Amino acid sequence: MNPVVLVGVGGMLGALSRYFVGQRVSGDGRGTLAVNVLGSLFLGALTASFTPNASLLMLFGTGFCGAFTTFSSFAFETVRLYERGKRRKAINNATINLVGALLAVAVGGFVVTVISP
């Protein structure tokens with residue numbers, strides 16, 4: 001299938017999923033943190049999967065995870081906290097998002113590696 005179509009379909013599904021998670025999880029960047037960690041976990045698992053297929057990577061990696069996770073919202077929320085004088089919250093937000101996403105990628109990859117035959 002055409003890579004543009006795969007990325008587009010994945011992006012649509014990721015954006016809709018991100019919207020629904022944002023509706024369920026709210027308050028001071030929690031929705032952004034949730035999608036960034038979940039998306040990183042999924043991407044780690046996907047890239048460590050038994051046979052990373054180029055089409056699946058386009059659909060789910062580039063499209064879905066690209067639209068589901070949101071670095072721009074994370075950056076915006078962190079800067080807004082800082083500008084409002086909530087510097088400790090801004091630092092915590094940046095730290096938790098970055099460390100959480102990195103750990104999630106590692107955990108996702110580790111879990112798939114352990115359970116794969």
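## The chain as a whole

Helices (H or I, at least four residues) and strands (E, at least two) are taken as DSSP runs, numbered from the N terminus. Read that way, the order of elements from the N terminus is α-α-α-α-α, with 5 helices and 0 strands in the chain. The C-alpha trace spans about 50 × 30 × 20 Å along its principal axes.

This is a predicted model, in which local features need pLDDT of at least 70 and side-chain atom pairs count only at pLDDT 80 or more, while totals for chains, interfaces and linings use all residues. Residues are numbered from 1 along each chain as its sequence is written, and side-chain values use heavy atoms, leaving out hydrogens and water.

## Burial and contacts

Of the chain's 117 residues, 32% count as buried, meaning under 20% relative accessible area with a 1.4 Å probe, protein chains only (exposed is over 50%, partly exposed in between). Contact means heavy atoms within 4.5 Å. Among contacts between residues at least 6 apart in sequence, 71% join residues at least 24 apart.

Helix H2 has 18 residues and reaches 26 Å from its first C-alpha to its last, close to the 26 Å expected; the expected span is 1.5 Å times one less than the number of residues. Its buried residues are Gly31, Thr32, Ala34, Val35, Asn36, Gly39, Ser40, Gly44, Ala45 and Leu46. Their cover includes H1 (3-24), H3 (54-68), H4 (71-83) and H5.

For H5, 29 residues at 1.5 Å a residue should span 42 Å, and the 41 Å between its end C-alpha atoms agrees. Buried residues in H5 include Ala90, Asn93, Ala94, Asn97, Gly100 and Ala101. H2 and H4 are among what covers the buried residues of H5.

## How they pack

H2 (residues 30-47) and H5 (residues 87-115) pack at about 30°, with axes 6 Å apart. Axes are lines fitted to C-alpha atoms over the stretch in contact, and angles run from 0 to 180 degrees between N-to-C directions.

Which residues of H2 and H5 make the contact? Among them are Thr32, Leu33, Asn36 and Val37 of H2, together with Ile96, Asn97, Gly100 and Ala101 of H5.
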